[in-house]
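Open the model in your viewer and keep the selection panel at hand. The tour makes two stops, with something to select at each.

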Amino acid sequence: MAQEDVFKKIVSHCKEYGFVFPSSDIYDGLGAVYDYGQNGVELKNNIKQYWWQSMVLLHENIVGLDSAVFMHPTVWKASGHVDAFNDPLIDNRDSKKRYRADVLIEDQIGKYEEKIEKEIAKARKRFGEAFDEAQFRSTNPRVLENEAKKSALHERFAKAMGEMNLDELKQIILDEEIACPISGTRNWTDVRQFNLMFKTEVGSTADGASTIYLRPETAQGIFVNYLNVQKTGRMKIPFGIAQIGKAFRNEIVARQFIFRMREFEQMEMQYFVKPGTELQWFEQWKQTRMAWHQALGFGAENYRFHDHEKLAHYANAASDVEFRMPFGFKEVEGIHSRTDFDLSQHAKFSGRKIEYFDPDINESYTPYVIETSIGVDRMFLSVLCHAYQEEKLEGGDTRVVLKLPAALAPTKLAIMPLVKKEGLPEKAREIMDELKFHFNCKYDEKDSIGKRYRRQDAVGTPFCITIDHETLNDGCVTLRDRDTMQQERVPVSELRARLEDKVSITSLLKKLC
Ligand code: GAP
């Protein structure tokens, strides 16, 4: 099945099974805004818990914070967002559709990559075991031609973006003959800048309301609380502040479902370090964060780092963790070495001294910062994309199963009486009443057992138990594993011990230590 079709199926599965709904669905939705349903909210909370605990429980020198969405407007002047948090936009005059010029060009680079991958896949099929990919890449004329086009475009694009040369961005679109996907024409307007922050007002207009912004990142809440936390927590450098919260961006190109949203959630951690040690910490955090992703067991081959060649003026290193989505490798997390830019800017704009007195060297300095910044929704999407599988079963049936890591699954255990009578529901309820304090259980007595298993597979429940007539005699239930579909008899008294470790976030955290 084409990857595009797989992605469409994942999107409709999300809606059908209560993971993600379009916002204000009964009013036909609101662009790039989504609501999480009964299963989605559980999965999302588990992802957040995994991140939070990996930061705050596993590191004695990282503490949490929950800062407000609304902040003093000068924060965004100091951070550079008022002047520079812009996207370059372009309109197609025929379709009247608006696009991000940089995204159109990135997609074009992606098309060259796709052509190369297709050539390689074809050759691999033709040559089988004997296929030498490295040699093929360095000798095949079509691969070489597309590689050359891709790198030339990449270089030209990076330069234009670095200089924010809007005329050059338009010229690239024209030279590459990029057409509007809707109208198919190349009738483009000029490229212009558009600020991504949402504005609103505090106070009534009569009283002289002032404009404030919905935060476009959670990080600034951490920077402006650096002194508060460092002093009240008596934190010694190096130390980190972690935060999970909503962020808002007026994204123009809202595509790929929850990949790019206007209201989304971030999990950010700012790690304050001694100047001069930041690149060492940057490398360490890259490895730590990659280990966090890979502990989910989705396969190392599905992740890669994308090191930034062109850096923002305040950064001295930056890298993205990319995950293989059905629409290609995409950024899920950014790791940035932000120097002392943010703290220095806030010191300048607020007039406060924002420094650290280092007792080891008897000196004060402005700490440098390593930031790890991951989108909850993007992480959610990557988990779902990897988990969604259509499996052919013996006998010709197909089952849709979400092979979610058990620790992230919304429901850990489905409890099912074989029939709705003869004391089986009562026994099932008794087991549920015992286990519900330890992990998320769902009681289900409707339809045949086969249908109930399929329903649980579709929402990723790792374990089901069936209570049958024998249970009343021998105190055992049938435990079914979602992935292997194997069943075994297990005493009720052993269920908690058998399952608790497998389904808890602790099982993931232990892999990190
Ligand atoms: N404080 C740094 C910062 O915000 P970013 O690269 O703009 O950096 C970090 O964002 C992460 O937030 C991204 O890697 C992505 O996972 C997530 N993110 C950013 N914009 C998003 C959007 N419009 N919708 C969903 N997630 C987004």
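Begin at the second largest pocket of this predicted model. Its volume is about 310 Å³. Select Val224, His346, Ser350, Arg352 and Ile354: of the 15 residues that line the second largest pocket, these lie nearest its centre. Next, colour α3 (73–78), α10 (226–232) and α12 (341–350), the elements that each give two or more residues to this lining. By residue type, the lining of the second largest pocket holds 8 nonpolar, 6 polar and 1 charged.

Now move to the ligand. Which residues are closest to the ligand? Select Glu217, Met261, Glu268, Glu331 and Val332, the closest of the 20 residues that surround it.

- Glu331: an N or O atom of its side chain is 2.5 Å from an oxygen atom of the ligand.
- Glu371: a polar atom of its side chain lies 2.9 Å from a nitrogen atom of the ligand.
- Gly375: a polar atom of its backbone is 3.0 Å from an oxygen atom of the ligand.

Show the surface next. The ligand taken alone exposes 560 Å², and the protein buries 91% of that.

Finally, select the strands around the ligand. β10 (263–273), β13 (328–337) and β16 (368–375) each supply at least two residues of the shell. Which element gives the largest share of the shell around the ligand? That is β13, with 5 residues. Colour the shell by residue type to finish: 10 of its residues are charged, 5 are polar and 5 are nonpolar.

Conventions: Residues are numbered from 1 along each chain as its sequence is written. This is a predicted model: local features need pLDDT of at least 70, side-chain atom pairs count only at pLDDT 80 or more; totals for chains, interfaces and linings use all residues. Side-chain values use heavy atoms; hydrogens and water are left out. On a 1 Å grid over the protein atoms alone, a cavity is a set of points where a 1.4 Å probe fits but cannot get out, and a pocket is an open set with protein on both sides within 12 Å along at least five of seven lines; lining residues have an atom within 4 Å of a point. Grid points are joined across faces, edges and corners, and a volume is the space filled by probe spheres set on the points. Helices (H or I, at least four residues) and strands (E, at least two) are DSSP runs, numbered from the N terminus. Ala, Val, Leu, Ile, Met, Phe, Trp, Tyr, Cys and Pro count as nonpolar, Asp, Glu, Lys and Arg as charged, and the others, Gly among them, as polar. A residue is near a molecule or strand if one of its heavy atoms lies within 4 Å of it. A polar contact is a pair of N or O atoms within 3.5 Å; within protein, one must be able to donate a hydrogen and the other to accept it, and residues adjacent in sequence count only if both atoms are side-chain atoms. Accessible areas come from the Shrake-Rupley method with a 1.4 Å probe; for residues, only the protein chains shown count as cover.
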